[in-house]
Amino acid sequence: MEVVDKQEMPLEGSYAIWNNRGGSGKTTLTYHLAIKFALKNPDKTILLIDMCPQTDLSHALLGDDEHKQDHVSQIGTMKKDAMVFGEQKFAKTVSGYLDLYSSQGLPNNVDPRTFLLNVSKFNAQLPRNLYLLCGDASIELIARSLEQKRNQTASVSQFGAQAWKSITTSLKQFIAKIAAHKGIKLVVFTDVHSSCSIISEIALAACDKLLLPITDEHMHRNGFEYMFALLYGFSQPSNVYYYYRHFSFYYRAKEHDVRLPKIHLILKKSNRNATNKDNQKEWEFIFEVYKKHPQAFNVAKELELKTLDEFKREFVIDISEETSANQIVRQAVRSHSPLLTIKKNANSNNNNNRNSSSNLADVSTPSTNSSLSKTKNPKIVRSASPSPNNRNASLPNVNAHCINKSTDALNESSSLIKQDCLSLNSNNLLNDELSVYTQNEHINAILYDELLDKIASSLLNRT
């Protein structure tokens, strides 16, 4: 069984959003950042991978059908869009793919794109260049089987001596096979479960870069020590970590030549009472780790960061609690809507006819008597098509139109914010909710969108 190495992956970017503890806002950040990135880069194919058993990201993207039944459960239980391979059925989910891979590998006649969902086919509010490998509540059950197969001996495993590496890089191979298709500019965002289970390890091994969301109340040195110890083997908190290191993920990854993601950004959510002196010791500890192990951070070789302030300017983006915990930000997720975008105009009536274009979701599901290998896959759509007359046109910078106004002007123009920024069209579910929110919440939603814009712009700037 051939294992695809990282250098062979023609990716523009592959990002894991992860922290080894819950409550850091990973899923909300992943949802909004991926949509923002898709809108800013209509020429790229944006792939979201939901590796959390709660499947919150998938629910937020797909929503419910006309009968108020959630799509995620129907897809996960194969009541809808089941994959057929020979005499077996697999769900079009991450669990379905991992089940297929662990039992048969990734056959040459299986195109992994057939596992993907074009979210705009389920939710017309979202950009057409956004795809999803759907989450599945059964992933924790699949994990037990994967762990057993990953540790099989060469004489028993179908992967031979490569069992551990093959299973650990199964998602990486999935991404690589999609990225290898000519003309696809692929960028991947993976919502990684906060545990350190095999599912999280598979997700982390699939990505090149790590986005690390943290909060002030969770900034304890012990937490960072555990994270660095689990993922990189640095700063062992106790002798136990050394004695049992051969069981650890970082140790086995190094043993099997599996590369792990480098820290690309630390996204710090601060509460309103935070000062520059808060958590100073923790930041000094992180900076010391960087100085000793710069290879764990995604920084240009020629760039030398000599002070903590320089390190923060390069790696840290502050997100205030008022913006990230904003009710409009949360309601956008609950209503399956983008946060800020352009509103519909008379010249874009055809833009929402998303089913007219050939894309991945047009791949027909094979019948029970057909073979998956006979299914022909059209190309992935590589444009969000902001204008029916110019498929690669840039989206108007409506957010800048709002944010460049002074606070006083914003306070005087609530209708401008609501109508020009927080509006897509009359079917945008978020619009129905906006009237109940205060002006400050409107402003903070715009500020949060500006931070998303800053993060999205930084992703491809540092390779």
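**Close-up views of a predicted model**

**View 1. Strand E1 is mostly covered.** Strand E1 spans residues 13–17, and five of its five residues are buried. The model shown here is predicted. Burial applies to both faces of E1: Gly-13, Tyr-15 and Ile-17 lie on one side, with Ser-14 and Ala-16 on the other.

**View 2. Strand E1 pairs with strand E7.** Strand E7 covers residues 186–192 and runs parallel to E1, with five bridges between the two. Within this pairing, Ser-14 stands opposite Val-188 of E7. Ser-14 is also one of the buried residues of E1.

**View 3. Strand E1 pairs with strand E8.** The pairing of E1 with E8 (residues 209–215) is likewise in the parallel sense, over three bridges. Here Ile-17 stands opposite Leu-211 in E8. Ile-17 belongs to the face of E1 that also holds Gly-13 and Tyr-15.

**View 4. Two cysteines, Cys-52 and Cys-207, are buried.** Cys-52 has a relative accessibility of 7%, and Cys-207 has a relative accessible area of 3%. Both count as buried because the cut-off is under 20% relative accessible area. The count of disulfides in the model is zero.

**View 5. The whole protein chain, for context.** The chain contains 19 helices and ten strands. Of its 463 residues, 56% are buried. Among contacts with a separation of 6 or more, 76% are between residues 24 or more positions apart.

Technical notes: Residues numbered from 1 in each chain as written. Predicted model: local features only at pLDDT ≥ 70, side-chain atom pairs only at ≥ 80, totals over all residues. Heavy atoms only, no water. Disulfide = S-S within 2.5 Å. Buried < 20%, exposed > 50% of the residue type's maximum accessible area, 1.4 Å probe, protein only. Helix = DSSP H or I, 4+ residues; strand = E, 2+ residues; numbered from the N terminus. Pairing = 2+ DSSP bridges. Contact = heavy atoms within 4.5 Å.
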